Amino acid sequence: MGQSNALIGTKLYFFGGSPADVSSLSAPSGLPNNSNEVFYFDLSNSSLINTVTPTWYKDVEMPIASLYHTSCVNPNDSAVFIFGGRQYLPNSSNPSYYSPVYRLDHNKNSWSIPNITGYNSTFTNRTSIQAVIDNTGKVFIFGGGRRSATGGDPSFFNDMNIFDITSMSWTTLVISQAPPPSYAYTATLLPSGIIVYIGGVDYISGIIPVKMSEIRTFNTTSFTWSIKSANGSSISSRLGHSAVLNQNGDIIIYGGSDHDILGPQVFPDLAVLNTNSWVWSIPNIPSSNIPQVLASHSAVLYKNYMFVAFGVITSTGGALYNKDYYILDTQKYVWVTTNNSMITTKSPSKNQGSQPNVGVDPSSNELVLSEIG
């Protein structure tokens, strides 16, 4: 749980997370349960939607262990950027404040720390955030929560942080019309340049769930906020859910929990928002292969299929963790498969190193964390 994911071509990557019962803003437990592992599987493999056990590949590990961070993919060179999160030294309960942003060049099999200008130091350790990136390489990250890895009361934010991956510059916008400080929402970028924020919680002298009839949107051109009133089916408030944009331009949300990242479960578990009419609907989905409701999971759209993986089973209050993956046909709204078997191997095209070595790549002016051995 608390991992992030990124789709590079046909490969779905998963970064970090934790197998432990750790809420995004809970007090640190002192246990080294946070992961710096990176796994992927190939979505073009037909075995994913039949009974053949798929192969998961283990890739080069992150320099830090991290959970409740966010990630996105550079549309130009497919590099992956990791932002924020609760960061720790690998296999340790010691916090890491080395960098709030890491970059993975999966072609060179190396991690680096971008040299960023104008960085907003209050973004360090932001959690329960979701980044979107436009075609020009600008990353937008709204709000989030922050709690020191060593404890203290959490802080909440409603600023808009914009990172330009071309110029490596960071801008923080504080907009008077912005929503209250928020976290654990979903963010979906429409082709029009509008970011749609769904669900999550606000913090106004206490935690207040965001109504699902209140859809917040941000215009990435004019830098303005607006609210769309959503009608249709009644959808309960939630946090820790997922959202994907299907090929019809609708947003499919799945899972989440009622008032805590670990549970209880929400109803319905899946709903669809029409982004033209702003109307909610609940598809009539057959019960076969239907997953247990998850929170803090990962979801991504590949062609007409939504892949869902990991997270916690909300009906257990976070006591059980999901090791399965599920696939939804978003045209027919049928869960086509579930699989809890896994064969893990090293990447066939890359060598897995042991410990990170810090150096400087003079061609990129970035701090490079390469692998030795």
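A residue counts as buried when its relative accessible area is under 20%. In this predicted model, Phe14 has a relative accessibility of 5% and is therefore classed as buried. Phe41, with a relative accessible area of 1%, is buried as well.

A search of the whole structure identifies 30 aromatic pairs. One of them is formed by Phe14 and Phe41, whose ring centres lie 6.1 Å apart with 35° between the planes, a tilted arrangement. This pair connects distant parts of the chain, since Phe14 belongs to strand β2 (residues 11-15) and Phe41 to strand β3 (residues 38-42), 27 residues apart. In a further pair, the rings of Phe81 and Phe163 have centres 5.8 Å apart and planes at 70°, so this pair is edge-to-face. Phe81 lies in strand β7 and Phe163 in strand β14, and the pair thus links parts of the chain that are 82 residues apart. Both Phe81 and Phe163 are buried.

The largest nonpolar core contains 30 residues, of which Phe81, Phe83, Val139, Met160, Phe163 and Tyr197 touch the most other members. At least two residues of this core are supplied by each of β7 (80-83), β12 (131-133), β13 (138-148), β14 (151-164), β15 (169-173) and β18 (194-198). Strand β13 provides the largest share, 4 residues. Beyond four places in sequence, the contacts of Phe81 include Val101, Tyr102, Pro114, Phe163, Ile165 and Met168.

Tyr197 stands opposite Arg216 in β21. Strands β18 and β21 (residues 214-219) run antiparallel and are joined by 4 bridges. They belong to an open sheet of 4 strands, paired antiparallel in the order β17-β18-β21-β22. Strands β17 (186-189) and β22 (224-229) form the edges, each pairing on one side only. From one strand to the next, the twist averages 25°.

A second open sheet comprises 3 strands in the order β16-β19-β20, again with antiparallel pairing. Because β16 (182-183) and β20 (207-209) each have a single partner strand, one side of each is left without a neighbour in the sheet. Strand β16 is joined by 2 bridges to the antiparallel strand β19 (residues 201-203), and Ser182 has Asp202 in β19 as its bridge partner.

A charged side chain also meets an aromatic ring: Arg126 lies over the face of Phe157, at 3.6 Å from the ring centre.

Methods:
Residues numbered from 1 in each chain as written. Predicted model: local features only at pLDDT ≥ 70, side-chain atom pairs only at ≥ 80, totals over all residues. Heavy atoms only, no water. Core = buried A, V, L, I, M, F, W, Y, C linked by side-chain atoms within 4.5 Å. Buried < 20%, exposed > 50% of the residue type's maximum accessible area, 1.4 Å probe, protein only. Contact = heavy atoms within 4.5 Å. Pairing = 2+ DSSP bridges. Axes fitted to C-alpha atoms, helices over the stretch in contact; angles between N-to-C directions. Phe/Tyr/Trp six-rings, centres within 6.5 Å; stacked < 30°, edge-to-face > 60°. Lys NZ or Arg CZ within 6 Å of the ring centre and 35° of its normal.
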